[in-house]
Amino acid sequence: MPDLSVQIGSLKLANPVIAASGCFGYGVEYGEVVDLSLLGGVAVKGLFLAERQGHPPERIVETPAGMLNAIGLQGIGVHRFIKEKLPELRERRATVIVNICGSTLDEYVELARILSDADGVAALELNISCPNIKEGGITFGCSLNGTFDVVSAVRKVTRLPVIPKLTPNVTDVASFARASEEAGADAVSLVNTFLAMAIDVETRRPRLSNIVGGLSGPAIRPIAVRMVYECRRAVQIPVIGMGGIASTGDALEFLIAGASAVQVGTANFVDPFICTKLLDGIRQYLERHGVSRVSDLTGTLDTSAREKQWISS
Amino acid sequence: MPVDVEARVIANTRLSPDYNVIALAAPDIAASTAPGQFVMVKLGRGFTPLLRRPFSVFEVLRTNGHVDGLTLLSKRVGVTTSMLFDAVEGDVVSCLGPLGRPFELLDPPAEAWMVAGGVGLAPFATLTEALRGRGTTVTLFYGARSGRELFYLDWFQARGVRMVLATEDGSVGDHGRVTVPLERALRVAGRPQKAAGDLPPSSEASAERRGDPPERIARPTLAGRGAQRPDLGGGGQPSGSSITIYACGPEPMLEAVAHLAARYGRPSQVSVERVMGCGLGGCYSCVIPVREGRDGWRYVRSCIGGPVFAGADIVWD
């Protein structure tokens, strides 16, 4: 039986498959359907201090092998989350990664303080990459100084593992992973969605009320794999990879490219049982390849054969 | 608790060039479905379509009292509905359900008025069965573009449902939208002794703003369709105080029905259809604004907070 556990900073996950933030509600929605304790972690929907209504519908539209969303971070706020959702997540023995989002640096710090005192939070994921809100968030994630500042400010006030979630909407994502590492992040997670849009040509209207939204799903996977590969080479801290994972092979690609763990987003909408299916698939792969620990797979991309082919041809 | 089933297609009946009824071998879902609940459906293994689509459960199929499947009523408008239209016996459809909040069967409503627009007929077969079991008198107000798109009339009549039909081309029943005969019936029934809640003062104005067709003089119902008009012409007894209105159809129709129900003091339950990503509350795409507190509102996920809402709870404007 291969060892599926992975280490993310001080946090040991039972396995490398995490339900991605924004694609699994607060986790409790799935509590009756999925055994949450079997997942490596549950990254809950992004939280601000206050409640938010989010954008008006239409909030999603399907595109080739993907979807755009502009939910606008509708949410119940951190206090209601702690009171109404966290107890059930604890009861169901979920490893809870809380995704936090601020309009200002102070809001991230305040959220980190509040959640550090809450019982049952395993790690903080810093949402500095949501493309769908005007204020905060991605403003930090698109500036190296902003990324450094928010990560180091949160680092100072919490002992919880700090995982900035990076946006792919930058020229060189690896430099943002480096800035995160220098600021004291325990890991980075990537990628959030790609800023995109879709138009109804008959009405000439945007398909989303917010006009633009974030592209996710299998369509983005090859770009995400490349970005994880680049970040793995740039930093020593663990990389959590995501972007269009819908099968065991997809998850393995991320691990081999350099991810220590993966998050599964859009595929949960299609198949709420996908995370545990991927775990079975990963376990079978490890057995088939005689790999005793999943962590031994991370970053094992073999480029030598390809180089030889180039030389011989 | 919802289950995910790879359901075999038992039969696929094309009702028109656009509409079909597909029967699926999903007995576990069928047996636990309450009227108004839905399933999330996916065809094919690829990424087109990527996401599932929601469908109300239309019929629960039984053989000798044993539940062996369910049917979906579908209108061909997109990728999934085209695949459902073209599906053949033996194909496999991924079916997750039952999902959502069902209709509430008030105990006992003396009369249930079901209002269906087009493919919005879907939840009313199971609702009819449930209501009949409770001895409720059931009327179906059913509107479509033309008489060629009115389906299953015999099915409902065979179960003692009174039928009131309307078509936009006037080929069958009232000429116009289904709200035309509904409003006439509400007027005849009068207001109950005790009004059900406060009336929004702007309901009439809002219906006009939306451009509902003006009421026309009703044509006689086409006898050939076998539909009979209930006693709405003033000759019959006004209905008792407990009429509950159930509606499913395009959102402008639901809004009009909710306003009419409020104006005539009748409770309404409407089944909404919003663009839905997952059906389980994970994605927050299918939200609808619902009243909260005195003047407030909030977005509620129609997959888990609905799809059935009290018509008076929804902020329509």
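The views below show a predicted model.

**View 1. B:N64, in the loop between β5 and β6 of chain B.** B:N64 has 5 other C-beta atoms within 10 Å and is therefore exposed. Its phi is positive, about 50°, although B:N64 is not a glycine. Within β6(B), B:G69 is the residue opposite B:L61.

**View 2. The open seven-stranded sheet of chain B.** The strand order is β4-β3-β7-β1-β2-β6-β5, with antiparallel pairing. At the edges are β4 (53–56) and β5 (59–63) of chain B, each of which pairs on one side only. On average, neighbouring strands in this sheet are turned by 40° against each other, direction ignored.

**View 3. Two cis peptide bonds in chain B, one at B:P49 and one at B:P307.** B:T48 and B:P49 are joined by a cis peptide bond with omega of about -5°. B:P49 sits in the loop between β3 (38–43) and β4 of chain B. The bond from B:G306 to B:P307 is also cis, with omega near 10°. The loop that holds B:P307 runs between β15 (296–301) and β16 of chain B.

**View 4. The contact between domain 1 and domain 2 of chain B.** Domain 1 of chain B covers 3–99 and domain 2 covers 111–272. In the contact, 13 residues of domain 1 meet 13 residues of domain 2. On the domain 1 side, β5 and β6 of chain B are the elements that give two or more residues. That side of domain 1 has seven nonpolar, four polar and two charged residues.

**View 5. Packing of helices α5 and α7 of chain B.** Helix α5(B) (residues 179–189) and helix α7(B) (residues 251–263) pack at an angle of about 10°, and their axes are 11 Å apart. Angles under 35 degrees count as roughly parallel, so α5(B) is roughly parallel to α7(B). From α5(B), the contact uses B:T179, B:L182, B:E183 and B:L186; from α7(B), the contact uses B:M253, B:A256, B:V257 and B:L260. Six of the contact residues are nonpolar, one is polar and one is charged.

**View 6. Strand β13 of chain B beside β12 of chain B.** Strand β12(B) (residues 243–248) runs parallel to β13(B), and four bridges join the two. In β13(B), B:V270 lies opposite B:A247. In a regular strand the side chains alternate between the two faces of the sheet. Along β13(B) (residues 268–271), B:S268 and B:V270 point one way, whereas B:Q269 and B:S271 point the other way. All four of these residues are buried.

**View 7. B:A312, in the segment after β16 (308–310) of chain B.** B:A312 has 19 other C-beta atoms within 10 Å, and for this reason B:A312 is partly exposed. The cut-off for a buried residue is 20 or more. B:A312 and B:G36 are 276 residues apart along the chain, and their C-alpha atoms are separated by 18 Å.

**View 8. The open four-stranded sheet of chain A.** The order of the strands is β5-β6-β14-β11, and the pairing is antiparallel. At the edges stand β5 and β11 (194–197) of chain A; each has a single partner strand, so one side of each is left without a neighbour in the sheet. β11(A) is joined by four bridges to β14(A) (residues 212–216), and the two run antiparallel. A:F194 has A:L215 of β14(A) as its bridge partner.

**View 9. A:L73, in the loop between β6 and α1 (77–91) of chain A.** The phi of A:L73 is positive, about 55°, although A:L73 is not a glycine. A:L73 counts as buried because 22 C-beta neighbours lie inside 10 Å.

**View 10. The contact between chain A and chain B.** Chain A gives 27 residues to this contact and chain B gives 23. On the chain A side, β5 (60–63), β6 (66–69) and α8 (267–270) each supply at least two residues. The chain A side has 14 nonpolar, eight polar and five charged residues.

Notes: Residues numbered from 1 in each chain as written. Chains lettered and ligands numbered in written order. Predicted model: local features only at pLDDT ≥ 70, side-chain atom pairs only at ≥ 80, totals over all residues. Axes fitted to C-alpha atoms, helices over the stretch in contact; angles between N-to-C directions. Parallel < 35°, antiparallel > 145°, perpendicular 65-115°, else oblique. Contact = placed C-beta atoms within 7 Å. Nonpolar A, V, L, I, M, F, W, Y, C, P; charged D, E, K, R; others polar. Pairing = 2+ DSSP bridges. Domains from an automatic or database assignment. Buried ≥ 20, exposed ≤ 12 C-beta atoms within 10 Å, placed from the backbone.
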